[in-house]
Amino acid sequence: MHAYDHGTTGRRVALMCLALALTEGLSHQACLAEVMQLPAVADTFITSRNPANNAGAHVHAAAGRDNTGNRRRGLYLFDVGQLPTGVTVTSAVLRLEVVIVPRLPVVDSDFSVHRVTTAWGEGSMSGNNGQAASIGEATWLSRAHGIADWAAAGADGDCIATPSAVAFVESCGAYEWSGPTLVADVQEWLDTGINHGLLLRSQAEDQNKSARAFATREAADSGHRPVLEIGYTLPVAQDREIIGLGIDANRMLSLAWTGGTGTLVDIDVSSGLANAGSWQRAAANLSSESSTTNLWTEPPVWADPAY
C-alpha cells in the first residue's frame, strides 16, 4: 500500500476510508433466503408389543398398529444447531420413506408428527421388535431405560397433543410433513436451544395393519433416510455506529463500533481517498453483537512507516 502523505492528514484520511468501508458494507446487505437439509441425528421406534425393548439401531422405524394389535411409534431428532444464529424459519418439511407395508388387507391412515418435550435415548438395539434395552435407551415405557420413564406409556405425556403436521400414508414411497406449526416448532428449537425432536404416530392406532415401516438413518440407501428441510432467512445487517478510531505509536490500528444483530462484519482499508477504489480486506467475519461495544485491534496494516 502506498503512502501519499507522511503527516497526520494521511492518517485521518485513511481512517475515514476505513470507516466508509465498514458502514457501507453493512448498510446495504440484503435479507438472504437459504435452505438447509438436515439428516436425522437420532431415530428409533417404541412398541407396546415389547414395552422394555429398544430399536435405535434398526434400519426402519415402525409406526401404527401391527397385525397383532400392538402399537408402534417413531422418534426422530434433527440437529438444528447447524443453522446460522438469528435466522427466521420460513418453511419446514419432514421427509420420510415408507419401505414396508403390511400384507393385504391394510389400513391407510393419516400419520401425524408431534413435538416431543423431553429428552430420550436413541439406543443401539435392532430387530423388527427391538431387543432388551440397555440403560438410557428409549422404550415404550421409558424415555431412558433404568433412568427415567415417560409420563405415560408410549410418550403420550411427553409430546404436544396437537399435531405439528399430518400426511396421509398409503403404499411404499416418500412422504412429506409440513405446515406452520412445524415451522413454529423449528423456530422454537432455535430460539430456546431446547430440541427433543418429533414423535410419529398413526391416527388409526385402533386398527390392525395401520402400521408402516419408515427407513431410518441406518438404512443402506441414503436416499431413503429421514431428512428435515428448513427454509430460512438470514438477519438483515444493521448500520454500525463507529465510536472510536485510532493508531497508536506502534502503528496499531483500533476500531470500535456498536450496534448490529449478531451478524459478521468485514473490514476493508484503503491508503486514502485518492486510492479509494483499491480496498484491501483487513479482517473478515468479525463477530458483532447487538447493543454491545465491539473492538478490533490489528498490527500495522500499512507498510509505509509514515503510518
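Biologist: Which residues does D185 touch, not counting those up to four places away in sequence?

Modeller: First, a heads-up: this is a predicted model, where local features need pLDDT of at least 70, side-chain atom pairs count only at pLDDT 80 or more, and totals for chains, interfaces and linings use all residues. Residues are numbered from 1 along each chain as its sequence is written, and side-chain values use heavy atoms, with hydrogens and water left out. Helices (H or I, at least four residues) and strands (E, at least two) are DSSP runs numbered from the N terminus, and D185 sits in helix α2, residues 180-192. With contact taken as heavy atoms within 4.5 Å, and residues up to four places away in sequence not counted, D185 touches R115, S164 and L198.

Biologist: Is D185 buried or exposed?

Modeller: Buried means under 20% relative accessible area, exposed means over 50%, and partly exposed is in between (1.4 Å probe, protein chains only). D185 comes out at 5% relative accessibility, so D185 counts as buried.

Biologist: Which side chain makes a polar contact with the side chain of D185?

Modeller: A polar contact is a pair of N or O atoms within 3.5 Å; within protein, one must be able to donate a hydrogen and the other to accept it, and residues adjacent in sequence count only if both atoms are side-chain atoms. At 2.4 Å, the partner of D185 is the side chain of S164.

Biologist: How much space lies in the largest pocket?

Modeller: On a 1 Å grid over the protein atoms alone, a pocket is an open set of points for a 1.4 Å probe, with protein on both sides within 12 Å along at least five of seven lines, and lining residues have an atom within 4 Å of a point. Grid points are joined across faces, edges and corners, and the volume is the space filled by probe spheres set on the points. For the largest pocket, that space is about 390 Å³.

Biologist: How many residues line the largest pocket?

Modeller: D66, R72, I100, P102 and A211 lie nearest the centre. Strands β3 (60-65) and β13 (212-215) each give two or more residues to the lining.

Biologist: At what distance do the side chains of D66 and R72 meet?

Modeller: D66 counts as buried because its relative accessibility is 8%, and R72 counts as buried at 6%. Their side chains meet in a salt bridge, N to O, at 3.1 Å.

Biologist: Which residue does a cis peptide bond join to L104?

Modeller: The residue is found in the loop between β5 (88-100) and β6. Omega is about -5°, and the partner of L104 is P105.

Note on methods
Salt bridge = Lys/Arg side-chain N within 4 Å of Asp/Glu carboxyl O.
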